[in-house]
Amino acid sequence: MTNDHRQRASAEDRDTHDSSAIVFEGVTKRYGDGTVAVDKLDLTLPAGELTVLVGPSGCGKTTTLRMINRLETLSEGQLLIGDRDVMSVDATRLRRQIGYVMQHSGLFPHKTIADNIAVVPRLLGWGKKRIRERVAELVELVGLDEALAERYPHQLSGGQQQRVGLARALAADPPILLMDEPFAAVDPIVRTHLQEEFLSLQRRVQKTIVMVTHDIDEAMKLGDRVAIFAQGGRLAQFDTPAQLLSAPASDFVVDFIGADRELRRLALERLDSLELDAGLTAPRDEIVARARSYLQQAGSGGIVVLDEQRAPLGWLDWDTLKQADDRARIDSLSLKPWRHRLYLHDNLRSALNALISSPGEVMPVLNAQGRYMGVIDQLQLTRRLS
Amino acid sequence: MNNDVMSLLAGVIDFFSQPMNWQGPGSILAHITEHITYVVIATLIGAAIALPVGIGLGHSGRGGLLAINISNIGRAIPSFGVIILVFLLAGFGVMPVIVALVALAIPPMVTNSFVGMREVDPAVRQAAVALGMTGWQRLWQVELPIAMPLIMAGVRTSAVQVMSTATLAAYVGLGGLGRYLIDGLAVRDLAQVLVGAILVAVLAMATELLFAGLQKLITAKGLQ
Amino acid sequence: MNWGWVASNTHQITAALLQHVQLVGLALLFGFLIAFPLALLAVRWPRLYGPSLAVTGVMFTIPSLALFILLMPFTGLSMATSLIGLTIYTLLILFRNIVQGLRGVSPSVREAARALGYTPARRLFTVELPIALPVIVAGIRIAAVTIIGMVTVTALIGQGGLGQLFITGFTLSFATPLVIGFVLSVMLAVAVDLALVGIQYWLTPWQRGVR
Ligand SMILES: Nc1ncnc2c1ncn2[C@@H]1O[C@H](COP(=O)(O)OP(=O)(O)OP(=O)(O)O)[C@@H](O)[C@H]1O
Ligand SMILES: [Mg+2]
């Protein structure tokens with residue numbers, strides 16, 4: 001799903017969770033030793049959206065996050081959830097309505113996975129049956145094996161523990177979810193996997209989510225909006241990923257997003273937003289002589305050979321073709337296969353990668369059924385970049 | 001010398017095999033009962049004082065280091081001196097012994113329960129706050145269960161020390177297994193002293209085993 | 001409090017205090033000298049560890065008074081009797097802590113030292129011991145403080161340092177010597193404890209500022 005799409009969904013959501021937009025008004029946090037962690041922050045996090053806070057280490061992301069559920073108290077200003085001032089409500093009640101996921105899962109070592117997930121429902125006094133059903137539901141939702149429910153945290157892998165942490169935070173179906181570097185403690189492969197699953201989960205549950213991360217890639221990938229913080233707890237820019245890339249507000253933002261931001265922008269666009277070239281193709285039972293004349297007419301270096309279902313078989317280049325016997329079928333020649341398959345829903349960055357390793361100058365693009373839809377080439381992508 | 005040891009052992013066996021030593025007041029069983037009574041009372045009172053202090057300080061995390069240092073110095077309070085001092089002030093009775101043993105029991109329990117509470121992983125502690133638990137709920141549902149093995153280890157250390165120190169009760173005219181030591185010393189009857197030592201050691205080891213079992217029983221499965 | 005008694009008995013009081021210090025110091029010294037090689041053996045051969053813990057655990061349950069009395073046939077009413085008894089107790093505490101400290105050195109550190117080409121002895125003295133030092137010093141502190149209280153019991157076999165003042169008070173039914181003995185032995189414990197903390201601070205510069 002694209003970012004646009006998600007924003008449309010969250011607009012509908014705004015009606016049902018009207019109370020859960022989070023508004024910072026001139027919020028300052030000064031620690032006891034005089035450190036100003038957050039400085040006069042004005043920020044509105046829209047309901048039903050996933051906002052990511054990024055910035056260099058020590059810039060006050062965690063502090064900002066923890067003020068929302070009053071793990072830290074504000075020194076100045078006002079923090080509203082909907083129209084309620086957080087400082088005016090009871091802290092423990094507030095926290096039970098806000099899920100919180102930490103970098104290290106912080107699971108209770110003396111409770112089973114099921115009991116860990118059930119903590120907040122128990123605090124809220126739910127009945128036994130309702131809790132049991134909810135736990136089963138959550139175990140499924142976060143993609144855990146139900147056999148794990150009776151285990152203890154130390155018997156789980158880091159990635160599994162992190163899922164339990166998420167399930168525990170979601171247990172009482174809080175409208176708001178706070179996450180502090182939730183995927184930082186797991187290895188890159190598990191992280192990518194968790195991120196994907198988390199995105200699809202968010203599409204289903206549509207909560208107001210605030211996530212802290214160090215990883216600008218993660219921020220761009222997951223966030224509906226991204227808040228970039230500068231040192232000293234100041235907000236450098238707050239925008240959608242696409243806006244950040246096309247209209248960075250300052251040099252700091254440019255630096256932070258990084259030198260390869262052009263490439264990042266490619267990652268935000270999908271192939272189906274592009275006008276594909278029809279490309280030069282031939283069925284597998286074509287004979288060499290005819291294929292040769294197509295190529296000569298088009299002035300192309302090769303041709304995409306398709307099978308009966310119009311799935312690409314491989315790339316046939318001029319060098320192979322010109323030495324071949326005129327009457328031979330082209331699928332008897334040595335065709336060069338593609339290392340990647342590129343589909344319409346892939347983004348332009350994957351397309352670029354695939355193109356670089358393609359045997360020919362073009363790369364075929366497939367629809368979801370694997371049928372040939374056209375080709376892209378370097379020129380199309382570079383035109384897109386500028 | 002070898003002969004000495006042999007006759008000493010013979011004396012011990014003789015002592016245990018005399019039916020007279022197993023009956024009525026002043027019998028082995030009576031002394032054991034007295035001894036255990038002192039130990040149980042002192043350990044319970046000590047726990048009632050020490051555990052709330054150690055647990056409370058550990059929970060709040062304030063003033064702990066000072067308390068621990070004071071409590072460690074408390075180990076230096078000579079039980080022998082306390083018994084005699086309270087005896088001079090309060091006169092004959094169980095009071096001097098109980099006071100001295102309680103003073104002895106407190107430090108390990110304070111230290112262990114404090115350390116046990118402090119060693120709860122800060123991430124776990126923080127998760128409990130973030131989930132909206134009140135102070136009491138955090139204490140009872142999260143911190144205490146996790147700290148329990150160390151708290152119990154403290155009670156165990158105290159109980160074993162109290163068990164062997166309760167022998168001093170005999171010096172101010174009370175009963176318990178210390179009678180065999182003090183009386184044996186007075187008449188230079190080493191067999192009798194050895195009988196007392198063996199009985200106390202056996203009781204102390206029984207205490208160790210009892211607590212080890214108890215600890216296993218009440219330690220949450222996820223922590224084992 | 002009868003200060004007159006204190007004034008006229010300063011000689012007895014200082015003698016008792018000195019003997020107390022002497023007994024504690026020697027017991028710690030001998031205890032350490034014996035416990036240290038034993039602990040190295042137990043760390044070197046882990047099979048020894050379990051049994052040696054069991055033995056020291058059992059010995060610890062023997063009441064100190066009984067131990068002192070039972071040593072009497074061999075060493076009489078001499079200072080050796082109380083010294084041997086006290087040394088045994090320090091030994092038990094120190095052995096456990098030294099072993100625990102050395103075993104607490106993380107395997108990766110040990111591995112790194114090996115990889116850097118340290119000989120075993122050099123590794124022990126320049127890597128493992130310094131890292132284990134805080135735990136070892138903690139053991140010495142507990143041993144010292146425990147022994148300072150325990151010395152007084154040896155008054156019953158004619159030694160006792162400040163414990164002699166307790167017996168004096170008991171036989172005279174007179175609290176002053178008791179209070180003096182009591183206060184001095186607690187003060188001694190505080191002083192020794194602080195000194196050990198200071199030594200540890202000085203020996204482990206890398207730990208300063210870490211809680
Ligand atoms: N309890 C505290 N007392 C004093 N200063 C603190 C405290 N907690 C955080 N700080 C300081 O406040 C500033 C912001 O800290 P914060 O934890 O919010 O940063 P962060 O952006 O989350 O950093 P990181 O990316 O490293 O997690 C830092 O300079 C930090 O040293
Ligand atoms: Mg942080």
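Contact here means heavy atoms within 4.5 Å. By that criterion, the interface in this predicted model draws 37 residues from chain C and 34 residues from chain B. Residues are numbered from 1 along each chain as its sequence is written, chains are lettered from A and ligands numbered from 1 in the order in which they are written, and side-chain values use heavy atoms, with hydrogens and water left out. Local features need pLDDT of at least 70 and side-chain atom pairs count only at pLDDT 80 or more, while totals for chains, interfaces and linings use all residues.

Between chain C and chain B, about 3200 Å² is buried, and carbon and sulfur atoms give 84% of this area; buried area is the accessible area (1.4 Å probe) that two parts lose on being put together, summed over both.

Turning to the ligand, 13 residues surround ligand 1, and the closest are A:Ser57, A:Gly58, A:Lys61, A:Thr62 and A:Thr63; a residue is counted if one of its heavy atoms lies within 4 Å of the molecule. An oxygen atom of ligand 1 lies 2.8 Å from a backbone N or O atom of A:Gly58, and a polar side-chain atom of A:His214 is 3.0 Å from an oxygen atom of ligand 1. On its own, ligand 1 has 640 Å² of accessible area, of which the protein covers 63% (Shrake-Rupley method, 1.4 Å probe).

Definitions and conventions: Polar contact = N/O pair within 3.5 Å; in protein donor to acceptor, adjacent residues only side chain to side chain.
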